[in-house]
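Notebook, ligand site first, then the fold. I list what I looked up, in the order I looked.

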Amino acid sequence: MHAQTTQNHPTRPLSGRTAVIIGGTSGIGRAVASRVVAAGGAVILGGRSQDALDAELARIEAAGGAACGHVVDMAERESVAAFFARIARLDYLFAPGATYQVASIHSDDHEAVESPFRSKFWGQYHAVHEAAPKIAPDGAIVLMSGAAGARPIKGASAYAACNAAIEGLGRSLALDLAPVRVNSVSPGTIDSDLWQRRSAELRSHAFESYSRSTALGRVGSVDEVADAVLFLFGNGYMTGSTLFVDGGYVLP
Ligand SMILES: NC(=O)c1ccc[n+]([C@@H]2O[C@H](COP(=O)([O-])OP(=O)(O)OC[C@H]3O[C@@H](n4cnc5c(N)ncnc54)[C@H](OP(=O)(O)O)[C@@H]3O)[C@@H](O)[C@H]2O)c1
């Protein structure tokens, strides 16, 4: 047993390995893809827009990286299955691509209320289901959660529950899929493209309010989340955990 532990390198190199990143054309997913490529890995990107995929693939290829990509909608199980049918093997999976609304318990808009589970929870569940037979035994899966799962905000109960469910799923999958490692990353508010597309007024209100709620007094960057994802890809003894990249938001 001792010989086995000493043979295991603490960090698996990314060079020559393939990471599937659904939601890799923007924000946190794109930051992760850039890190993988910079470390010598190849990426297979997913997203709903062919134009966005083409632009990102051209950017990576112009920088000398190896990449391909396919259209996929994480809210549609058949679409996720068709995406993975085109992939023979992979080493890493990160699938943060999701679109959902945040609605309160008093809302009668059931489409909106159920959307976080449909897109973010079931999307990642189906992605893992499809990836599991093709992922390398020393590979890793990182699930995307969110800090609301550990410290809810008022009026977003289904969204908060969805993130808590994703972290529970990660712990459970760590048992089911071992030796493949499964962990979750739980960011606080991150200044990503998602926020840059919103109005300056809404963004500044949200960022100020979030900053007041954290130990570090600021929002995070996509690179800070990408660091955590790359760590969870590479560390050979991390499984079933959640890393909170939130500036101390979940502290009491
Ligand atoms: N930013 C934050 O403050 C924050 C905080 C906590 C958690 N998160 C989590 O991180 C995820 C990504 O956030 P981000 O800030 O990086 O967002 P972003 O910049 O808007 O990027 C979202 C990416 O996902 C893709 N996507 C969106 N819906 C999809 C779907 N249904 N199927 C497949 N791909 C889809 C988008 O491409 P297409 O539009 O072309 O599909 C894009 O590549 C969020 O969904 C959220 O769960 C974010």
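Entry 1. I looked up the residues around the ligand: there are 31, and Thr25, Ser26, Arg48, Ser192 and Arg197 come nearest. I count a residue as near if one of its heavy atoms lies within 4 Å. The model is predicted, so I note its limits: local features need pLDDT of at least 70, side-chain atom pairs count only at pLDDT 80 or more, and totals for chains, interfaces and linings use all residues. Residues are numbered from 1 along each chain as its sequence is written, and side-chain values use heavy atoms, with hydrogens and water left out.

Entry 2. I sorted the shell around the ligand by type and got 12 nonpolar, 14 polar and five charged residues. Here Ala, Val, Leu, Ile, Met, Phe, Trp, Tyr, Cys and Pro are nonpolar, Asp, Glu, Lys and Arg are charged, and the others, Gly among them, are polar.

Entry 3. For Gly23, a backbone N or O atom lies 3.4 Å from a ligand oxygen. The side chain of Trp195 has an N or O atom 3.1 Å from an oxygen of the ligand. The protein covers 92% of the 890 Å² of accessible area that the ligand has on its own (Shrake-Rupley method, 1.4 Å probe).

Entry 4. Which helices supply at least two residues each of the shell? I found helix 2 (27-38), helix 5 (110-131) and helix 7 (193-196). Helix 7 gives the largest share, three residues. Helices (H or I, at least four residues) and strands (E, at least two) are DSSP runs, numbered from the N terminus.

Entry 5. I looked for a cis peptide bond and noted one joining Ala178 and Pro179, with omega about 15°. Pro179 lies in the loop between helix 6 (157-176) and strand 6 (181-187).

Key:
A polar contact is a pair of N or O atoms within 3.5 Å; within protein, one must be able to donate a hydrogen and the other to accept it, and residues adjacent in sequence count only if both atoms are side-chain atoms.
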